[in-house]
Amino acid sequence: MNLLRSRFAQAVLILIVAFVVLKFGIRPAAPWSVLTLYMAIVLLAVLVFVSSDSDSWRDFVWPIRATLVDPNRRLARLVFLIVLPLLFGYYAYTQAAAKPQAPPELRAVHPAPPASIQFRGKEIQITGLDNPLRKDQASYKKHVAAGAEIYIRNCMYCHGDNLDGRGHFAHGFNPPPANFQDPGTIAMLQEAFLFWRIAKGGPGLPKESTPWNSVMPAWEDRLTEEQTWQVIMYLYDATGQHPRRWEEGH
Amino acid sequence: MGRGALIARPLAVVAAVALALGAAPSRAAAQAGDATAGKAVYERRCAGCHGEKGDGKGPAADLLVPKPRDFTMGLYKIRTTANKVPTDQDLFRIITDGMPGTSMPAWAVLTERERWNVLAYIKTFAGEKLKEAPKKVELPKDVPSSEASIKRGKEMFEAIECHKCHGTDGRGDGPSRAELKDEWGNPIAPANLTKRWTFRGGASRTEVATRLANGVLGTPMPAFLDSVEKPEDIWHLTNFIQSLGPDSPHYATLVTVTAVTGAIPDDPNAEFWKKLTPNNIPLMGQVIVDPRNFNPAIDLVAVRAAYNDQAIVFHLTWDDPTQSADEPAKKLFADAIALQFPPQITAGPERPYFLMGDGSDAVYLLRWENGKGVSEASANGPGKIAAIAGGEARGNAVFTNGQYRLVITRPLVSKDATRPTFTPAVFVPVAFQAWDGGAGETGTRMSVTSWYYLRLEEPQSNRRFVIPPVVAILTLAAMLVVVRIAKGRA
Amino acid sequence: MRRALTAVVAVALVAGVVFVAHRPDQAGAQGGGTIEAAVTFAGAPVIEKLKVNKDTEKCGTETAIEKVVVGPNKGLAYAVVSVAGAKGAATAKKATIDQHGCKFVPHVQAMTPGEVEIKNSDDILHNIHTYSTANASINKAQPKFKKVMTEKFEKPEIIKVTCDVHSWMLGWVAVMPHPFFGVTDANGATRIENVPPGKYSVEVWHETLGKQTKEVEVKAGQTAKVAIEMKK
């Protein structure tokens, strides 16, 4: 009998190949929870496959049943009867002895901005606001250069030289500094949102975004309105991202 | 035979695919870069620190310690050569991997081509000074690490007086420390040999041996290749240095407080504390409130903690090259450290602002200061710290060879609402602050952390010894039932 | 009584100088002349005192960084006097720097290109750290068991020598392209012998006070005196 013709062997082989591909074929490596989920789906698919008709099912179940009842396979049966309870027992031990992990910090990453803010005592309408410096195209380079200098003297320590959120203080803080290279950050946001976040920093976050834990300073204490817009321009220029526009009629 | 081949072939294919996917791309061989193309990369990525002219005077330079490299001198710290000139591969590696413990990040985000181009451009700043051909340093034959080799390395460490700068235990606290300057006249700190992950030129054995052999150019670190008793002493020294600390700090995210039935020693050097696993917490500069601290002196505190039915005891270990007390005239301040908790442990995620609270929510500080000992305080921000009357905490600190070890003891249950009561199995927010007064740190010039969690483990239960056998027996029973049913059907 | 003694001493001194001047020296024999330089500085000496926090049994508890050393009659010590533009073969004498009492001895010296012997007489760790551009910079450790190291200074330049372990240690080595040089003594005086006759400019270099030059004419068998006052 050719082993590969056996439904059981096929099922096992598919599972092994799927595991190897999922485990080593995905870069960066997927976490175990994701892997478990994928493997469960593969297992379901395999079960559907082997039970597609009754012959196939019988073929699949045969080796299992044989192990359970066949007098010639007493040894294999004995091995399973010893090994499986030990494995389950060991798993139970690892679960019981596991050290508790710090609870996850759940937070809203991009909370809705307020309609307006008080910036150094001046009211600034956030909704519908665009970067006023962009109107003056002739000075674009000048503003970006000024923004670069502001960034490197203030923001670099956390957000990194490469704007990837990997500055030298980054590994010490949770939540980690924003990665501006990530298309899920500034590219999804209007410039006015950034203005709000930079001006008000961690303490200005709404409660669902854990304002007590963010180390982002409120930069209105240090940067002027123009400087804030300049550094925003630098963020987009240096990463090649484009700010989201306000939707018409909003 | 045929069957074996059939199985073996797919397995071989799977293995080959896995290998191909998992293998890291090999480092490229040296390439000739295009300096003109490199100029554009340089001005966009490097000039902020190293300056348009390559003189290390970019707009960020004054905030950085160590200072950005001045390329005009053609002096490079990290090189694998016996002479002054580094190989292109040396420079390429630093650009690619960065320099740990400095502001130089890894530029692996640039393409290899861009890195070679920027390298070619950087070399133009030094002009004639890099004209000499690099000459590879020849390391003596490798001596693998062993107890005997480490012992010999320690002897050599003492004989060649590494401790003059690096300190007796290698924590960078030697007597010459304060005098050291680099060739640009900037103060420079000797490496803390117990924190290998901060080594500028890398922490591998070959890298450490190379630094020992040919020195660190432009700094006080001399070449030792001709100055050890026997050439292989370079490797003994390397093995000894590698034995001084772990290769990585393994930062903790949760501080576990061990349950103890008896008394907990208040001697920081007691054997009891050595048996507990340290929870390493990284500390960062405080850059929110003026004056800011971009270059914090204390970057790590190792926290151990235990509790019994009466008290909770914290054991903190951190490196500080000098023991200093308050002497404002000399710009010296008292070394200090603080643990911060919410005044009350509540169930929800809400807690006070991590930086010593704010006007609406206070924090509780358990603070130790050199010369004053342990005190308890309530803070509504870094500038608003008020001592709590009727202190219940006490402490005991020792300072040896550039390291503080401190024990703080506090009752588990507090008398009033200004300080928390600790309960087992509850996640308690905790944060840390530290000051190296000898480095001029005081007030908001400090190292900080954001909120971490601390948890008093449940008193030792025998759960983990009871559950597994029960599970095993139940599994066996279930299997026997299945076999019985299967046999019955057959 | 005292006056008589002074007179005797004065006579003896004059006699001595006359005797030295008339000594049939080799310079005359080879057809060269001698330059006697007297370097002075009108200002106050600059000597910084420093408490020592290590190796006190070798270095003492206090040390001095001698930036400007002024002797009797304003004589400036440790100035390198050389004949600019002169040509001549290297001297055979090997230069030596000793690290003794946590000081470089001599504090300043001049040499023709070649080897220099670096000694460690202190039985503690020093490191020889040179600041040079024409020659290769050196930063080599010299532990207590390494009594002598030999290095090469092959190109003319003035090299600063430091020890990072003992930051106050400072020495200077002037590598000269010719053998016509001297370093002033505690009285600010030095002699350069066997100088081929001709018109020269004499160059004086001092670590803190910089450079100055003065014209001088050297005649065969004669001594040309040159007095140079260094200014801040």
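Among the elements of chain B in this predicted model, the lowest mean pLDDT, 44, belongs to helix H1 (residues 2-22) of chain B, and the highest, 98, to strand S6 (residues 336-341) of chain B. Here pLDDT is the predictor's confidence in each residue, on a scale from 0 to 100. Helices (H or I, at least four residues) and strands (E, at least two) are DSSP runs, numbered from the N terminus. Over residues 1-27 of chain B the pLDDT is below 50, and beyond near neighbours in sequence this stretch has 16 contacts in the model, a contact meaning heavy atoms within 4.5 Å. Chain B as a whole averages a pLDDT of 91, with 93% of its residues scoring at least 70.

Residues are numbered from 1 along each chain as its sequence is written, and chains are lettered from A and ligands numbered from 1 in the order in which they are written. Because the model is predicted, local features need pLDDT of at least 70 and side-chain atom pairs count only at pLDDT 80 or more, while totals for chains, interfaces and linings use all residues; side-chain values use heavy atoms, with hydrogens and water left out.

**Chain arrangement**

Two pairs of chains touch, and the most contacts are between chains A and B. In that interface, 54 residues of chain A are in contact with 65 residues of chain B. Chains A and B bury about 5200 Å² between them, 66% of it on carbon and sulfur atoms; this buried area is the accessible area (1.4 Å probe) that two parts lose on being put together, summed over both. Four salt bridges are found across the interface of chain A and chain B. By contrast, no contact joins chain A and chain C, and their closest C-alpha atoms lie 29 Å apart.

**Helix H6 of chain B**

Buried means under 20% relative accessible area, exposed over 50%, and partly exposed in between (1.4 Å probe, protein chains only). B:Glu161, which follows H6(B), has a positive phi near 55 degrees.

**Salt bridges**

The structure holds 46 salt bridges over all chains. A salt bridge is a side-chain nitrogen of Lys or Arg within 4 Å of a carboxyl oxygen of Asp or Glu. Examples are tabulated below.

| Pair | Closest N and O atoms |
|---|---|
| A:Arg153 and B:Asp62 | 2.6 Å |
| B:Arg205 and B:Asp142 | 3.0 Å |
| C:Lys94 and C:Glu115 | 3.4 Å |
| C:Glu151 and C:Lys140 | 3.0 Å |

In the last pair, C:Glu151 in strand S11 (residues 148-153) of chain C and C:Lys140 in strand S10 (residues 139-142) of chain C are eleven residues apart. C:Glu151 is buried, with a relative accessible area of 12%. Salt bridges that share partners also join B:Lys151, B:Arg152, B:Glu155, B:Glu229 and B:Asp233 into one network.

B:Arg205 is partly exposed, with a relative accessible area of 25%, and B:Asp142 is partly exposed at 37%.

**Backbone exceptions**

Most residues other than glycine have a negative phi, and most peptide bonds are trans. A cis peptide bond joins A:Asn174 and A:Pro175, with omega about 5 degrees; A:Pro175 sits in the loop between helix H5 (140-159) and helix H6 (191-200) of chain A. The peptide bond from B:Asp290 to B:Pro291 is also cis, with omega near -10 degrees.

B:His250, which is not a glycine, has a positive phi of about 45 degrees and counts as exposed at 59% relative accessibility. B:Ala425 has a positive phi near 65 degrees and is partly exposed, with a relative accessible area of 33%.
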